[in-house]
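User: Please take a close look at the pockets of this model. I would like one connected account of what lines them.

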Amino acid sequence: QNAGLGREPGAAPLADSAVELPGVDDGGEVQTLEGLDKVTVLSNGLLNVVPVFEFEAKVERELVCMPELAQKTFLKTVQANTSAKPILAGPVELIRDSGVVGWTQVLYVAPKERFSLSFGHDESLRVCRTQKHESEDDSVEGWTHNDTWLTLYLSNLGGEEKQLEVIERIPVSEIEHVRVELNDEDCKPAP
């Protein structure tokens with residue numbers, strides 16, 4: 001299964017002789033990837049890293065917060081696989097200016113396809129999510145009215161101004177007798 005976010009905007013179209021690489025579920029395609037240099041793999045059972053290829057790509061950075069899942073703000077990057085080879089599924093070592101900051105996983109990413117990585121949470125931003133629920137039965141109409149108030153408190157403890165995207169889910173009704181409405185007037189800023 002591809003983990004990518006689609007081809008990079010403005011990427012050159014694939015040559016006629018090139019074929020879009022199928023995913024693993026499609027039966028895949030046999031690939032031969034050679035290491036950049038010869039390596040000695042010890043038989044000690046430890047992880048051996050064999051560099052296969054390198055590439056450089058422009059990176060889009062953003063801070064993302066999904067308080068329903070975790071009351072933290074995460075640094076997310078989106079970049080394209082600018083190499084001619086696929087990135088195979090497996091672990092990714094995350095490196096920033098200060099050095100190694102952790103590990104994550106990536107699924108198969110085809111050449112020229114965009115993919116995202118999470119570099120962990122931003123310690124200087126605090127998020128607190130509270131939820132209040134009230135239910136009222138209308139005996140005349142026979143309906144139940146449920147009101148839910150969701151409040152997010154965001155704090156920046158750092159010295160610099162930051163911009164982030166806050167993602168919250170809103171329930172959707174699939175039957176006509178249940179109506180879900182968002183009270184835009186009480187949302188500051190407006191969603």
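Analyst: The lining of the largest pocket divides into 16 nonpolar, 9 polar and 10 charged residues. Here Ala, Val, Leu, Ile, Met, Phe, Trp, Tyr, Cys and Pro count as nonpolar, Asp, Glu, Lys and Arg as charged, and the others, Gly among them, as polar. This is a predicted model: local features need pLDDT of at least 70, side-chain atom pairs count only at pLDDT 80 or more, and totals for chains, interfaces and linings use all residues. Residues are numbered from 1 along each chain as its sequence is written, and side-chain values use heavy atoms, with hydrogens and water left out.

The lining of the largest pocket comprises 35 residues. Thr148, Ile170, Glu181, Leu182 and Asn183 lie nearest the centre. A pocket, on a 1 Å grid over the protein atoms alone, is an open set of points where a 1.4 Å probe fits, with protein on both sides within 12 Å along at least five of seven lines; lining residues have an atom within 4 Å of a point. The volume of the largest pocket is about 1900 Å³, taken as the space filled by probe spheres set on the points, which are joined across faces, edges and corners.

Strands β6 (125–138) and β7 (143–156) each supply at least two residues of that lining. β7 gives the most, with 11 residues. Strands are DSSP runs of E, at least two residues, numbered from the N terminus.

Now the second largest pocket. Its volume is about 1400 Å³. Of its 34 lining residues, Phe53, Ile87, Pro91, Val92 and Glu93 are the closest to its centre. By class, this lining has 24 nonpolar, 4 polar and 6 charged residues. β3 gives the most, with 7 residues.

Strand β5 (residues 114–121) includes arginine 114.

Last, the cysteines. Cysteine 65 is buried, at 0% relative accessible area, whereas cysteine 128 is partly exposed, at 36%.

Methods. Helices (H or I, at least four residues) and strands (E, at least two) are DSSP runs, numbered from the N terminus. Buried means under 20% relative accessible area, exposed over 50%, partly exposed in between (1.4 Å probe, protein chains only).
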